[in-house]
Amino acid sequence: MVNFQHTHTWKTVIIFLEDKAKKNNDYTSIRNLTIFNLVFHSGISTNELSSVNSDDFSIVGDTYKLTVRKPDFRQVQINQSDAMLIVELIKLRQFFGPEDNALFISMKNKKRLSRRSIGYLINKFCEDASVP
């Protein structure tokens, strides 16, 4: 398990994922950056993140919110940069069909990412960014 007590640890991973997203500019790269940012900027758990749908995101004035479930409904305020990633993700997400409204989907089976899959991806991001 990765130790995120030090700010430079997660910043290293974010820089790695941002570079990858700029280079590839595809759904998977932007999805991965969005997942990592939301977990570490807002404190959303992987369980909550796996239940997020595209329509759970809202903009009211200068406030950006994400409604999360599990165990209960709550609204989480997110920063502008994370909100813009979600907007881009929703634009790209529309090309995969309406069969599931999940914001975060697997490119292998086109289904919602599970809590376990999201946890695996976070660990993989850290390994790819060479974070011990």
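The model is a predicted one, in which local features need a pLDDT of at least 70 and side-chain atom pairs count only at pLDDT 80 or more, whereas totals for chains, interfaces and linings use all residues. Residues are numbered from 1 along each chain as its sequence is written, and side-chain values rest on heavy atoms, with hydrogens and water left out. Helices (H or I, at least four residues) and strands (E, at least two) are DSSP runs, numbered from the N terminus.

The sheet comes first. Three strands make up an open sheet in the order β1-β2-β3, with antiparallel pairing. Its edge strands are β1 and β3, each of which pairs on one side only. From one strand to the next, the twist averages 30°; here and below, axes are lines fitted to C-alpha atoms, for helices over the stretch in contact, and angles run from 0 to 180 degrees between N-to-C directions. Two strands are said to pair if DSSP finds at least two bridges between them.

Strand β1 covers residues 57-60 and strand β2 residues 63-68, and their antiparallel pairing runs over 4 bridges. Besides the pair named at the outset, Phe 57 has Leu 66 in β2 as its bridge partner. The two strands form a hairpin with 2 residues between them, and Gly 61 in that turn has a positive phi of about 65°. On its other pairing, β2 joins strand β3 (residues 74-78) in the antiparallel sense over 5 bridges, with Val 68 opposite Arg 74 in β3. This second hairpin has 5 residues between its strands, and Lys 70 in the turn shows a positive phi of about 70°. Most residues other than glycine have a negative phi. A further positive value, about 60°, belongs to Lys 110, which is not a glycine. Lys 110 is found in the loop between α4 and α5 and, at 32% relative accessibility, counts as partly exposed. The accessibility classes are buried (under 20% relative accessible area), exposed (over 50%) and partly exposed (in between), computed with a 1.4 Å probe on protein chains only.

Salt bridges come next, each defined as a side-chain nitrogen of Lys or Arg within 4 Å of a carboxyl oxygen of Asp or Glu. A search of the whole structure finds 2 of them. In one, Arg 74 is joined to Glu 48, with the closest N and O atoms 2.8 Å apart. Arg 74 lies in strand β3 and Glu 48 in helix α3 (residues 46-50), so this pair ties together parts that are 26 residues apart in sequence. Arg 74 is partly exposed at 37% relative accessibility, whereas Glu 48 is buried at 8%. Another salt bridge links Arg 69 with Asp 56, the closest N and O atoms being 2.6 Å apart. Arg 69 sits in the loop between β2 and β3, and Asp 56 in the loop between α3 and β1, so the pair ties together parts 13 residues apart in sequence. Here Arg 69 is partly exposed at 22%, and Asp 56 is buried with a relative accessible area of 7%.

Turning to the helices, the axes of α2 and α5 come within 10 Å and cross at roughly 100°. That makes α2 roughly perpendicular to α5; angles under 35 degrees count as roughly parallel, over 145 as roughly antiparallel, 65 to 115 as roughly perpendicular, and the rest as oblique. Arg 31, Asn 32, Ile 35, Phe 36, Val 39 and Phe 40 in α2 meet Ile 118, Leu 121, Ile 122, Phe 125 and Cys 126 in α5. The residues of this contact divide into 9 nonpolar, 1 polar and 1 charged, where Ala, Val, Leu, Ile, Met, Phe, Trp, Tyr, Cys and Pro count as nonpolar, Asp, Glu, Lys and Arg as charged, and the others, Gly among them, as polar. Contact means heavy atoms within 4.5 Å.

Asn 37 also lies in helix α2 (residues 27-42) and counts as buried at 4% relative accessibility. Leaving aside neighbours within four places in sequence, Asn 37 is in contact with Ile 14, Ser 42, Asp 82 and Leu 85. Finally, Ser 114 is found in the loop between α4 (80-93) and α5 (115-128) and is partly exposed, with a relative accessible area of 34%. The C-alpha atoms of Ser 114 and Ser 51 are 8.2 Å apart, although 63 residues separate the two along the chain.
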